[in-house]
Amino acid sequence: MTPSIGSLPPKYRVTVDHDRCMLCGRCVENCAYGAFRMENDRILTNSRVCTACHRCVAFCPRDAIDVSERPLDYRSHPVWTRGVREAIYNQARTGKIVLSGMGNALDYPMIFDRLVLDACQVTNPSIDPLREPMELRTYLGKKPQRLDLKRREDGEVDLLTELAPNLCLETPIMIGHMSYGAISLNAQLSMARGVTEAGTFMGTGEGGLPEPLHPYQGHMIVQVASGRFGVDIDYLERGAAIEIKIGQGAKPGIGGHLPGEKVNGAISKTRMIPIGSDAISPAPHHDIYSIEDLAQLVRSLKEATEWKKPVFVKIAAVHNVAAIAAGIARSSADAVVIDGFRGGTGAAPRVFRDHVGIPVEAAVAAVDAKLRNQGIRNEVSVIASGGIRESTDVAKIIALGADAVYIGTGALVALGCRVCGNCYRGLCPWGIATQRQDLVDRIDPEVGGRQVANLIHGWTLELMDLMGAAGINSIESLRGNRDRLRGYMIDQALMDVLDVKSVGA
Amino acid sequence: MEELVIDAAGVHYTPLNREIRAAVAAGVKRIRLENVLGQRFIANGVRGDVAIEVHGVPGGDLGMFMSGPRIEVFGNAEHAPGNTMDAGEIVVHGSAGDAVGHSMRGGRIFVEGAIGYRGGIHMKQYEGKRPVLVIGEYARAFLGEYMAGGTVLILARHGGPAVAERGLGSGIHGGEIVLRGGVDPVYLGAGASEVALTDEDWERVLHLVREYARHFGVDPAPFERRDEYIRIVPASARPFASKYAWE
């Protein structure tokens, strides 16, 4: 049966300026999708396969390549958008669920961009981070309700309260969980080097901990997700902390699976499954069907690692996120990760990516308020993730109540990612979302590590300046400090949730 | 080395496990826990070559993440014994609760009686590690869902069906579920299909039947009729492949 829909307009058009082109062939070499070929001393292009990853543009020494988006668009219509029409064509052909890459692609208003930060003028002096110490060190984990102290005869004071293990971050910026398999070893190694240098942490995702990452294990948070891939006692003991993944902002409520074709020898080894086997993570953990069961898994992980490691629980930001987080705070967990609906992913059903879940700004504000109202804010740290794009987002989400953030896409962009959204193809020309060795080799972990460390360093400097300008010299004084935020053109209901005033008020 | 006896009466699981770990580190090879009453997480994450006898009823997640020890329970076991277990053995002289052997990647579990829901769910195998779950009587719904490896064997010693509830092997993409006395196909989950045993399968199953009989001191002869057994295997190694299309 020949489909009657015909071919769709190309998404991109690649053109080569032959006057500028010096026929070096770098575009042919760099494009993993085969958009370029050299014939009779001329570069020819196939726009149909282009993903606008810009690898060719970035490596053309003559700026001879131009990639334009939607060179031939559909007849414009505010309801029947290109995305909507193309999903229908796809499903009319296949009858299946449409999968897509990266994060939420719908044009929802960005709450971060409707919140403005404060600065000192006259009545209180701003602080110059160059001459004053700025405290960004952040401890993640349980804080005691009170401290019991005893003074010894020699005048020294002993602490009688037993403290729960905490993670010590030099800056409140961590890198979230992206598994070996979803991304390449060199991408993971780059981030591992970056977070180690920056004195912070990154997540392993549910792909195990490959041996080359063992030297950085003191900066790795190991993940236990519903598939339990790569999880054994050795893995749990290596991690600086353990994170139970309940849900993910990009696809709340559903599981995930790494298709068998991506399970090569090395990935099979770290996930501990046969080569070529699908790695299926069910939607729920089948040993967690209640909040009590979650507490059991949290305590089981602690018991297995002799109560030496903080245990985090990551949930997707959904409607009742505050009540759920309050339950988690009572489960012995040390931190709750709130993953907003803009969180990225290698692959998610389009409808979930774009329509399920809520923004992290509202979720974190609601969670922080609920925990404070119940008097248990000290029981868990709050980590915000999903759509953190720059240092101001970090400052704003901390002012809304978060202790620290996870970045994901941002760290990949620091490695060259152009957010083309074709992660699932396995052909990432930047060597990130691929396992093809020649592509993986495009990342030198030393260089990549430098870039990731630079990004975290740059944001940290900006964070210090933003705090100094607001007259704040410690991140603790920014945390939950909604007075440093004002809402600009936000409706009253959302302002109430965020607990911020309007600009001018 | 002589046996270490620990009276678990009224002892919280953390100090109990601390004592077990210290004993294993000191080279003790046999530990006997008396008066166990609902303590969870016994021998969680414990490595090494040690035999632990549990007298009483242990709580949930018995031997979770365990790598090596042999646990023998004289009583029933609660929720998820052998959860995400790596290596070793758990023998239960009684019945066990839900999610027995959940995500188990290695080792063996023998339950003399019956088990609850979601037994053997998401068991998996890798190279030499092939987990085994043998049940004497029957299992409740959702047995062996998402199974990615290993063997579940149910002997139906109680005279009724091994499984008579839905969700049997839904999403199974590796491993096998072997049932004595067959199963009504209405209970087979999506992606699971029934096949007959080959000679090689039967050799493996017979070995497990005899091992079960040895553990619980029963005569294996009544369970050695090959024609009574059926095998549930994946219809495909990619149960979800037909559900999705790329953007």
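Val98(A) has a bridge partner in the other chain: Ala245(B), in strand 12 of chain B. Strands here are DSSP runs of E with at least two residues, helices are DSSP runs of H or I with at least four residues, and both are numbered from the N terminus. Strand 5 (residues 97-100) of chain A and strand 12 of chain B run parallel, joined by 3 bridges. That is enough to pair them, because two strands pair if DSSP finds at least two bridges between them. In general, strands of a sheet pair through backbone hydrogen bonds, either parallel or antiparallel.

This is a predicted model, in which local features need pLDDT of at least 70, side-chain atom pairs count only at pLDDT 80 or more, and totals for chains, interfaces and linings use all residues. Residues are numbered from 1 along each chain as its sequence is written, while chains are lettered from A and ligands numbered from 1 in the order in which they are written. The pLDDT is the predictor's confidence in each residue, from 0 to 100. Chain B has a mean pLDDT of 96, and 100% of its residues reach 70 or more. The model scores ipTM 0.95 and pTM 0.96.

Now take in the whole contact between the chains. Chain B gives 39 residues and chain A gives 32 residues. Two residues are in contact if their C-beta atoms, placed from the backbone, lie within 7 Å. On the side of chain B that touches chain A, helix 1 (13-25) and strand 12 (244-246) each supply at least two residues. That side has 15 nonpolar, 14 polar and 10 charged residues. Here Ala, Val, Leu, Ile, Met, Phe, Trp, Tyr, Cys and Pro count as nonpolar; Asp, Glu, Lys and Arg count as charged; the others, Gly among them, count as polar.

Stay in chain B for two histidines. His12(B) lies in the loop between strand 1 (4-7) and helix 1. Is His12(B) buried or exposed? His12(B) is exposed, because 11 other C-beta atoms lie within 10 Å. The cut-offs are these: a residue is buried with 20 or more other C-beta atoms within 10 Å of its own, exposed with 12 or fewer, and partly exposed in between, with C-beta atoms placed from the backbone. His122(B) sits in the loop between strand 6 (108-111) and strand 7 (132-135) of chain B. His122(B) is buried, with 31 other C-beta atoms within 10 Å. Its phi is positive, near 55°, and the residue is not a glycine. Most residues other than glycine have a negative phi.

Next, chain A. Its domain assignment gives domain 1 (10-73) and domain 2 (139-502). Such bounds come from an automatic or database domain assignment. The centres of domain 1 and domain 2 of chain A, taken over C-alpha atoms, are 37 Å apart. In their contact, 9 residues of domain 1 meet 7 residues of domain 2. The domain 1 side divides into 5 nonpolar, 3 polar and 1 charged.

Helix 4 (residues 185-198) of chain A has 14 residues. The expected span is 1.5 Å times one less than the number of residues. In helix 4 of chain A, 12 of the 14 residues are buried, so the helix is largely enclosed by the rest of the structure. Among the buried residues are Leu185(A), Met191(A) and Ala198(A). The buried residues pack against elements of chain A including strand 11 (173-177), helix 12 (409-413) and helix 14 (445-469). After helix 4 of chain A comes Gly199(A), with a positive phi near 75°.

Helix 10 (residues 360-373) of chain A also reaches 20 Å from its first C-alpha to its last, close to the 20 Å expected. Its buried residues include Val360(A), Val364(A) and Leu371(A). Among the packing partners of its buried residues are helix 8 (321-329) and helix 16 (492-498) of chain A. Just after helix 10 of chain A, Gly375(A) takes a positive phi of about 70°.

Asp499(A) is not a glycine, yet its phi is positive, about 60°. With 16 other C-beta atoms within 10 Å, Asp499(A) is partly exposed.

Strand 22 (residues 485-487) and strand 23 of chain A run parallel, joined by 2 bridges. Arg486(A) stands opposite Lys501(A) in strand 23 of chain A.
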